[in-house]
Amino acid sequence: MIELTLDNLENFTRGTAFLGTGGGGDPYIGKLMLKHQLEKGKKIKIISPDEIKEDTFACNVLSMGAPTVFVEKVPNGPTTLHALRKVEEIIGKKFNAIMPIEAGGVNATLPLVVSALSGLPVIDADGMGRAFPELQMVTYNVGDVDINPIVAINDFYETAIFNSRNSGSGEWLARAVCVRMGGICEMACYPMNAKQIKETAIHNTIKLSFDIGEVIEKARNQKTDPVMAIINYMEKSNPPRCGKVLFSGKINDLIRETLNGFTRGKLFLKSLDSSDEMLIEFQNEFSYAKLNDKKLLAMVPDLICALDSETGEPITTDGLRYGQRIKIVAISATSIMRSKKALDLFGPRAFGLNFDYTPLEEL
Amino acid sequence: MRIGVDVGGTNTDAVIMNGREVLHGVKSATTEEPGLGIINAVSDILEKTKISPNDLESVMIGTTQFTNAFVENKRLEEVAIVRLAYPATISVPPCIDFSDNLRNILGNNFWIVPGGYEFDGRYLGDWSETEIEKVAKEISQKKLKYISISCVFSPINEKQEILTADIIKKYNPESIITMSHRIGRVGFIERENATIMNSSLGNLADKVITSFNEALIKLNIKCPFYISQNDGTLMSANIVKNYPVLTFASGPTNSMRGAAFLSGHKNAIVVDIGGTTTDFGVIKEGFPRESAIPVDIGGVRTNFRMPDLISIGLGGGSLVTNVNNNIEVGPESVGFKLTSESLIFGGNKLTASDIAIAKGLSNFGNKDNVSNLDKNLIDNTIIKIKKMIEDGIDRVKLNKDLVPVILVGGGSILVEGNLEGAEEVIIPKHSDVANAIGASLAQAGGEIDKIYSYNEIGRDKSIENAKNDAINRALQAGAIKETISIIELEEIPLSYLPSGAVRLHVKAVGDIF
């Protein structure tokens, strides 16, 4: 069990920003929401999926919407809890735990706020192991976990309930309501039992955020390279994960456009030491990285992260700006995210890219 | 003719300018009452140049007084914080991110009331006059004078903030109110933070600006005076009384712009070597390159655009140590005590300045005091200092190309010869008063940060509207129409939204003179 405290909060949210792989919303807001709860004396307990009991019944809670709206109209803890209660009411069964749907960004912190408000523990497992843009992009779907009922709620406790034919359709319908709710809404969905959590979720990703944040902090204090420190940490984790610095350079150009309700964009980097150039495309999160217009170096679902060259601080796609000096790091996704069925959900082709997945280790 | 003044933590510098010509520059000590330092510097410069105060067209002052006060938690006021947002934002109450000490000083007086807008301009909470009147009465009962008003999405519609301010003012005629839409950009918490910071400095701002004003009256200077703000543009002194927070980054901005002017380079690296620290920054097209990561001031996050600087502990007062031929310079420094504690001034501490004098790089203090220093120590320290500066230059560089390096500040004497990575090393005349020169050269600017719907009016029309709004704001700020140009254009689509909503940030600037 891990307990969130005012002392480890900063490291945790820095880790969630890393796992946000460029998207997921401003982790600063998540940090402030949690700080507020902790200062009120609330306890937030995070339990490992190995520790959960047979009768565990958990609900995924999240905030859906535009990161740029998040920074103005921050996500709401009490309404999120209300959405969870609504799901209980519909299915006629009480939850005894909460789960984050994704490990990166604001949605890694919001479930902890709900935990503080409800006293329910958070299970250290999620459906993405990082951040992804859409509701159906979760490993839960590898095990056919039902997304329904989906409850969407806004700050006024106005509520929409969906019974969708599948998670992709649920995403499509909820997105439209989210826009009418002012660009963000809070949600509860994917009720899961112990077996489903053990078999379909990605485990210990909250712990991973704590560790990543701590590794970066330690490296800074010891005046060593925080970026290399993360890679070394990943390679020594169990099972080991491949980590690579893909590129180091300046942002040379940045094209961002809104397409079908998402931020799609291209990030062009130029090396400082050679004539090398890198292209990274993103749909909210980074989807692939290509060197000199020909060689693919990393792709979804492997994690691609942008870090400040000096401090190792993760940078979100909304924070990217022309002229920034950044490092691009890739970390291999866990094996549960690389199965055929998982790749159908969030491999390159699920993002509309016309190539198949090649693992980071082989590139 | 005009005067540029830099009121720093240690020194108050003044220059007198005729158009783009530097006539004369002086340095004097900063005083407790800041106006006194200005009187000393300006009367000195007027006397030396025999220029009459009547011939002056304007005075421009750059100051770090407000930044220092906030960072040191000194001279701050209790603030009434009114947030128009309910039921949104309740998960993050005001000042969550402030230190306990700051929260104690600013107090715990906040109200989150119904109000605010959605990203597309629709109403969020139901703003009501009755509710605001209730708050206004409570503020008056608590006798709070400094008031901060923040409203969700006020950068796209400022109306609720203005209506609220009017009502509060009615019940509290003496109050000094800051509205968030006048302070910051999209990013609610950061904007609210800056608004609260601004309110907390309200009393100090009044005192400092009054002190500046009185100094100018005593000097018999009747022309208008301006204060430089974060991005190198100017505000009239009376506006600064209400917006001290907008001066927070003006110190480094002025030194970099001054350096660019003195050297004639629009693209260069600026190295400002002071008494305790050295700042490295980049000038791009005559303006300082801005920081990419959000900037904390005194531990509080703001979304101000700040120059992208790195700072190292190296300056004229840095202590030099030699342990087993391992020479260290700084970060510890004798600071403003250089003139009593260093060897050349009869003290017993070996400083970087002592080494520079021993090497013959400059001539001040008593050279005889350092005549016995070991030659190897002198040479190796000079090499060490050079290496520290070269590393700093490398860290801020855009690419491996050689670039001009401009050295400013009193500590520029520490550098001998060329520097690696530099196309040329320039130590311009008057480099010791570059900050004051930067203040005198400021421009007027206008900024827009709003969300547009491309689906409704199209991309081209949106950008054109944003540019025109920015240009109009620059005109209002005093820029000459013909000289105005757009220096920043940033498009941020709102992720996940299918309505083609895009956030546009545009900045226009122009010359004042």
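Visitor: Is the crossing of α11(B) and α12(B) left-handed or right-handed?
Guide: The crossing of these two helices, α11(B) and α12(B), is left-handed. Please bear in mind that this is a predicted model.

Visitor: At what angle do α11 and α12 of chain B pack, and how far apart are their axes?
Guide: Helix α11 (residues 352-359) of chain B packs at about 120 degrees to helix α12 (residues 375-396) of chain B, and the axes are 10 Å apart. That angle makes α11(B) oblique to α12(B).

Visitor: Which residues make the contact?
Guide: From α11(B), they are A352(B), I355(B), A358(B) and K359(B). The residues from α12(B) are I378(B), T381(B), I382(B) and I385(B). By class, the contact of α11(B) with α12(B) has 6 nonpolar, 1 polar and 1 charged residues.

Visitor: Now for α4 and α5 of chain B: how do their axes cross?
Guide: The axes of helix α4 (residues 129-141) and helix α5 (residues 159-171), both of chain B, cross at roughly 40 degrees and come within 9 Å. As a result, α4(B) is oblique to α5(B). The crossing of α4(B) and α5(B) is right-handed.

Visitor: And what makes up that contact?
Guide: Helix α4(B) contributes E129(B), I132(B), E133(B), A136(B), K137(B), I139(B) and S140(B). Helix α5(B) contributes T164(B), I167(B), I168(B) and Y171(B). The residues in the contact of α4(B) with α5(B) divide into 6 nonpolar, 2 polar and 3 charged.

Visitor: Let us turn to the sheet. What is the strand order in the open sheet of 4 strands in chain B?
Guide: The order is β6-β5-β7-β8 (chain B), and the pairing is parallel. Strands β6 (109-114) and β8 (176-179) of chain B stand at the edges; each has a single partner strand, so one side of each is left without a neighbour in the sheet. From one strand to the next, the twist averages 20 degrees.

Visitor: How many bridges join β7 to β8 in chain B?
Guide: Strand β7 (residues 146-151) of chain B is joined to β8(B) by 4 bridges, and the two run parallel. Y146(B), for instance, has I176(B) in β8(B) as its bridge partner.

Visitor: Which strands does helix α6 of chain B lie across?
Guide: Helix α6 (residues 188-200) of chain B lies across β5 (79-86), β7 and β8 of chain B. Relative to β7(B), helix α6(B) runs at about 165 degrees.

Visitor: On to domains. How is chain B divided?
Guide: Chain B has domain 1 (2-66 + 207-248), domain 2 (79-200), domain 3 (265-429) and domain 4 (444-510). The centres of domain 1 and domain 2 of chain B, taken over C-alpha atoms, are separated by 33 Å.

Visitor: What does the domain assignment give for chain A?
Guide: For chain A, the assignment gives domain 1 (2-203) and domain 2 (223-352). Their C-alpha centres, those of domain 1 and domain 2 of chain A, lie 24 Å apart.

Visitor: How many residues are in contact between those two domains of chain A?
Guide: In chain A, 22 residues of domain 1 are in contact with 24 residues of domain 2. On the side of domain 1 of chain A that touches domain 2, the elements giving two or more residues are α1 (9-19) and α3 (67-70) of chain A. The largest share of that side, 3 residues, comes from α1(A). The residues of that side of domain 1 of chain A divide into 9 nonpolar, 9 polar and 4 charged.

Key
Residues numbered from 1 in each chain as written. Chains lettered and ligands numbered in written order. Predicted model: local features only at pLDDT ≥ 70, side-chain atom pairs only at ≥ 80, totals over all residues. Axes fitted to C-alpha atoms, helices over the stretch in contact; angles between N-to-C directions. Parallel < 35°, antiparallel > 145°, perpendicular 65-115°, else oblique. Left-handed = near helix turned anticlockwise from the far one by under 90°. Contact = placed C-beta atoms within 7 Å. Nonpolar A, V, L, I, M, F, W, Y, C, P; charged D, E, K, R; others polar. Domains from an automatic or database assignment. Pairing = 2+ DSSP bridges.
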